[in-house]
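Colleague: Please take a close look at one part of this model for me. I would like the sheet, and then the loops that go with its strands.

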Amino acid sequence: AGGSGPGGRVRIVDFAGGSGHLALPLALLLPRCEVVLVDLKRRSLDMASSRAAECGGAGVGDGAAPSGEKDSPTAREEEGEGASSGGGGDGVPAALGRDPSVHHERRLRRACPSLPNLYLYHGSIETYSDPFDLGISLHACGEASDLVLRACGRASSNAAFVACPCCVGKLASRSANPYVFAATGDDRPTVTYPQSEAFGGGGGGDAEEGAGARAGTVSPEDFDALAKAADFGELPDMRTSKGAVRRCAKALLEADRLAYMEEAHGYEGTTALTRMVPWESSPKNDILLGWKEGGAVGCPYIGDKDEWGHCNDCNTDVKAAMRHLLEPSNSSVVAADSGGSKADSVDGVDWTAKEESDIRSDVEKFLAGNEATLGVVERREVPSDAAEDASRERVILRFDTGMGWRKRKLVHYVAESMGLAHWCEGRKHAEKTVCVARKRS
């Protein structure tokens with residue numbers, strides 16, 4: 001009740017919603033709410049319409065009201081109330097005319113008769129202009145998540161938001177964002193990072209405003225480094241101490257987003273950063289929440305949070321990251337929600353003392369000439385610097401492929417500590433390995 005949709009219904013907008021992975025179940029579970037699926041790709045919207053039709057009805061054309069529902073509030077809105085000025089005369093609200101930024105007509109259409117509360121909008125995030133009460137997005141790529149948050153902040157209806165960002169590496173200043181290109185035909189970013197004054201941005205966050213960092217805060221270069229560290233997707237690292245470092249970096253990026261929304265869009269103390277449960281639902285599992293007093297959607301968050309809006313898990317990650325990066329050798333690190341178990345850690349990294357001992361033993365056997373007990377030992381002809389000796393043989397210990405980045409990093413660490421030459425070979429992940437040899441004199 002008290003929503004911005006027809007008849008006071010709450011209107012939920014799923015931005016960059018693709019083929020309806022969120023919008024379809026929401027429309028089914030919340031029949032008294034109006035759900036609008038917004039996406040740039042007509043093919044994705046057509047797929048959503050087909051999927052909705054599988055619920056028991058057939059798809060309908062653009063702007064047409066389902067048979068027998070001419071008197072419904074939404075049907076009336078389509079036919080006139082929403083198109084009071086400059087409407088196209090074809091059942092499309094006035095705001096949904098031609099969008100020059102995407103070079104095609106945008107239309108609002110009902111998905112199918114079996115889901116009369118589900119609508120599809122063909123256009124970009126920034127051009128959806130109807131009032132709404134809750135904006136949601138799941139894995140809107142890079143800058144697209146910020147466009148979703150801003151659309152919620154600009155809404156005249158005190159809209160709340162629930163957003164799960166992804167691909168934060170694309171926030172780096174030199175990264176291209178496919179969504180921006182698809183929406184505008186231009187690779188230039190529309191948002192400058194960091195956005196918030198708290199993080200040293202200009203507070204506007206718009207690229208054309210030329211926001212710059214303040215002294216003593218997060219510089220654009222440092223923000224780029226954070227974006228690179230935070231862009232990870234390896235589920236095996238999820239609950240490790242290295243994973244805590246990367247999750248901490250991502251939490252800082254999300255804190256900048258939330259701080260900007262509080263500064264620029266009136267979500268004063270009404271934001272929170274939390275995570276999916278379980279974390280393994282997705283490597284990109286951070287969830288940003290925001291709500292405004294007086295909005296149709298109230299506070300969705302139950303739990304403790306700090307002054308930055310971080311949940312307890314995020315704060316635990318910050319502490320684990322500090323231990324991982326700053327504590328001396330042979331410290332023990334516990335990642336957030338790891339069950340409290342500790343693994344012996346060498347120099348604050350993610351391998352045990354036994355794992356290091358095993359690798360060191362293999363390398364020592366190789367140096368002692370006990371090649372029969374090892375994996376692959378190769379003899380290669382390598383160029384010599386001496387003119388009288390055109391080439392000479394070099395003995396190389398080549399570790400097995402498929403050992404994973406963690407073990408490869410350990411081999412590099414051991415070889416370096418023993419004063420040996422070491423390098424990676426192989427391009428694809430499954431083919432990568434580490435080679436070790438004596439340094440050439």
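**The sheet and two loops**

Modeller: S157 is found in the loop between α4 (143–154) and β8 (160–166). Keep in mind that this is a predicted model.

Start with the sheet. Eight strands form an open sheet, with mixed pairing. The order is β5-β6-β2-β1-β7-β8-β10-β9. β5 (108–112) and β9 stand at the edges. Each has a single partner strand, so one side of each lacks a neighbour in the sheet. From one strand to the next, the twist averages 20 degrees.

Now β7 and β8. Strand β7 (residues 134–141) runs parallel to β8, and six bridges join them. C141 has C166 in β8 as its bridge partner. Helix α4 packs on the sheet and touches β1 (11–15), β7, β8 and β10. The direction of α4 makes about 170 degrees with that of β7.

S157 is buried, because its relative accessible area of 15% is under the 20% cut-off. The S157 side chain reaches the backbone oxygen of F132 at 2.2 Å. Beyond its neighbours within four places in sequence, S157 is in contact with S4, P131, F132, D133 and G295.

The other loop lies between β9 (271–275) and β10 (286–290), and holds P283. P283 is buried too, with a relative accessible area of 17%. Neighbours within four places in sequence aside, P283 is in contact with F232, G233, E234, L235 and M238. G233 is 50 residues from P283 along the chain, yet their C-alpha atoms are separated by 4.9 Å.

Technical notes: Residues are numbered from 1 along each chain as its sequence is written. This is a predicted model: local features need pLDDT of at least 70, side-chain atom pairs count only at pLDDT 80 or more; totals for chains, interfaces and linings use all residues. Side-chain values use heavy atoms; hydrogens and water are left out. Helices (H or I, at least four residues) and strands (E, at least two) are DSSP runs, numbered from the N terminus. Buried means under 20% relative accessible area, exposed over 50%, partly exposed in between (1.4 Å probe, protein chains only). Contact means heavy atoms within 4.5 Å. A polar contact is a pair of N or O atoms within 3.5 Å; within protein, one must be able to donate a hydrogen and the other to accept it, and residues adjacent in sequence count only if both atoms are side-chain atoms. Two strands pair if DSSP finds at least two bridges between them. Axes are lines fitted to C-alpha atoms, for helices over the stretch in contact, and angles run from 0 to 180 degrees between N-to-C directions.
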